[in-house]
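Subject: Handover of a structure, with notes

Dear colleague,

Please find below the structure I am handing over to you. My notes on it follow directly after.

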Amino acid sequence: MKPLVVIGFLGSTLDAAKFGPSRWNKWRPSVAIAMQEDLRIDRFVLLHGKQHSRLAGQIAEDIESVSPETAVDQRLLGFDDPWEFEEVYGKLLDFARDYPFDPDKEDYLIHITTGTHVAQICLFLLTEARFLPGRLLQSQPGGSVKGNFIGRLSMIDLDLSRYDSIASRFSIQTAKDSSFLKSGIETKNIAFNSLIDEIEKVAGRSKAPILLTGPTGAGKSQLARRIYELKKLKHQVSGSFVEVNCATLRGDSAMSALFGHTKGAFTGAATERAGLLRTADKGMVFLDEIGELGADEQAMILRAIEEKRFLPVGADQEVGSDFQLLAGTNRDLSVAVANGTFRDDLLARLNLWTFILPGLADRREDIEPNLDYELDRYAEQEGNRVTFNKEARDSYLKFATSPGALWSGNFRDLAASVTRMATLSPEGRIGRRTVDLEIIKLERLWQGNKIEVSDSLEDLLGGRALDALDPFDRVQLAEVIRVSRNSKSMSEAGRSLFASSRQRRKSANDADRLKKYLARFGLSWAEINAETSRR
């Protein structure tokens, strides 16, 4: 059995009694818990205020006298007002974050009989939110053994609906958790903020796999790590975070890397290898570009998710690993299933919680706060704080938020852009000339992407049909295809392509306009995006 730890407040009234033999004739909740014959307590964390330090010392002595195996840890929590909700909740939250919880090695009981009603409610909230990773315990008088009043114990539930101020305080913490997932960036995009709020709820309440989709550079890897860090902060995971780029796993080495191997399993296997999934035991594993996994690896991953067991290469016995899976992809896995390159049962297992991260071009109102974030990150990494002068900043943001800024590499493009400008500003100030040169670099970079799309016209139309097009039509069609492939739907692509003219129309069916334009060249939305998936 794992060691048992009880955490509870000193009862300034219920635990108090005149020193002497008569004190054993009174039910004192904190002492009575330690007297239970079927409950072995290894450590009792006794929370108390400064004015009750003497009583805490007496109760600690009595607990240790009736239960010598129990070590009492007296913790001073100073409240100016023990009935003030926000103060009590804040102090307890600080305690919960600082305490070295280890749920894999210890069990915890949160005693909520003693302390003010406010303290009891706060203990419940923090336990329900997993900041205190234990079970709730209530004690009550009744029953005696050899004249010693020991009372009874029970698990309890509480109705918190009337405690609006606490609910509000808890909502503030939830908002802080969402901000944590966004790395503290004050994002303005409504859809993205709603997405992060939903991810925060799922991450805190579910151990099921989570699938993060979206274009390359949209921040899937960073978000996955923040999800892990949030769950670790709440003591929901204790193991490591393991990130795997599935696109780098090829052939026999893929099985070995993921599931491990025994010594001598194959030529070159001089020692045993645990594998990445076992390394993530009690933690989380992020399989980035999961659509690149081979068929055999997909089958074993599915079983590892469902049964938490798998067979290392060359082994005769299965091993276990209790990990939570995060997966990432920039591909449409349903198309991969239709093409026979991805298992439908694995997709069904992953698809319980699927979140689509938008690209930077779809969140132009968030470019400015992310620009500041990248400047802060550069300062942290390089030890050199760099800022813009006002004219340069205004010029850069005007370009960055304009329709001409493609951001095809998403946040990777932005991070690289900031790094270049900061590096070329040794005096710590980014000026207008540096910005102008950077804009030229970005336009050249994205022009290369346009050419790549243009080159794919031959694949879509065929050489003969392409030769029949005027150069003007080639350039226009290439741009339409580029926008379409970077959009989540035909309506979204239409809104981007007809952004100006749609403002002059009384009614706008942008999707229909785009459909008719593509039909002029014998193309459809499905054909364009199917071609993207094949590439």
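Which residue does the side chain of R385 meet in a salt bridge? The partner is D376, with N and O 2.6 Å apart. R385 has a relative accessibility of 46%, so R385 counts as partly exposed. D376 is likewise classed as partly exposed, because its relative accessibility is 40%. Please bear in mind throughout that this is a predicted model.

**Salt bridges**

Besides the pair already described, I would draw your attention to the following.

R331 is joined to E292 by a salt bridge in which the closest N and O atoms are 3.4 Å apart. R331 sits in the loop between β14 (324-329) and α11 (333-339), while E292 sits in the loop between β11 (284-288) and α10 (295-307), so this pair ties together parts that are 39 residues apart in sequence. R331 counts as partly exposed because its relative accessibility is 27%. E292 has a relative accessible area of 31% and is therefore partly exposed.

R75 and D73 form a further salt bridge, and their closest N and O atoms are 3.1 Å apart. With a relative accessible area of 28%, R75 is partly exposed.

Salt bridges also link R303, E307, R309 and E318 in a network.

**Surface charge**

On the surface there is a patch of negative charge, in which D80, D81, E84 and E86 gather. Of these residues, E84 is found in the loop between β3 (71-76) and α3 (85-98). Its relative accessibility is 34%, so E84 counts as partly exposed.

Helix α3 also contains D98. This residue is exposed, because its relative accessible area is 65%. D98 and L233 are 135 residues apart in sequence, and their C-alpha atoms are 10.0 Å apart in space.

What does the side chain of H261 contact? A polar contact of 2.5 Å joins it to the side chain of S256. The side chain of H261 also reaches the backbone oxygen of T271, at 3.1 Å. H261 belongs to the loop between α8 (252-259) and α9 (276-279). At 8% relative accessibility it falls under the 20% cut-off, so H261 counts as buried.

N189 lies in the loop between α5 (164-181) and α6 (190-205). Its relative accessibility is 9%, and N189 therefore counts as buried. The N189 side chain reaches the backbone oxygen of D362 at 3.5 Å.

**Backbone angles**

Most residues other than glycine have a negative phi. Two residues with positive values may interest you here.

R130 is not a glycine, yet its phi is positive, at about 70 degrees. R130 is placed in the loop between α4 (117-128) and β5 (135-140). A relative accessible area of 29% means that R130 is partly exposed.

H235, also a residue other than glycine, has a positive phi near 65 degrees. The loop between α7 (220-233) and β10 (241-245) holds H235. Is H235 buried or exposed? Its relative accessibility is 13%, so H235 counts as buried.

**Helix α14**

Which residue caps the N-terminal end of α14? The cap is N389, with a side-chain oxygen 3.3 Å from the backbone nitrogen of E391. Helix α14 itself runs over residues 390-400. Its buried residues are A392, R393, S395, Y396, L397, F399 and A400.

With kind regards

Terms used
Residues numbered from 1 in each chain as written. Predicted model: local features only at pLDDT ≥ 70, side-chain atom pairs only at ≥ 80, totals over all residues. Heavy atoms only, no water. Patch = residues over 30% accessible without salt bridge, like charges linked within 9 Å, V, L, I, M, F, W, Y side chains within 5 Å. Areas by Shrake-Rupley, 256 points an atom, 1.4 Å probe, with all protein chains shown as cover. Salt bridge = Lys/Arg side-chain N within 4 Å of Asp/Glu carboxyl O. Lys, Arg positive; Asp, Glu negative; His and termini not counted. Charge placed at Lys NZ, Arg CZ, Asp CG, Glu CD. Helix = DSSP H or I, 4+ residues; strand = E, 2+ residues; numbered from the N terminus. Buried < 20%, exposed > 50% of the residue type's maximum accessible area, 1.4 Å probe, protein only. Polar contact = N/O pair within 3.5 Å; in protein donor to acceptor, adjacent residues only side chain to side chain.
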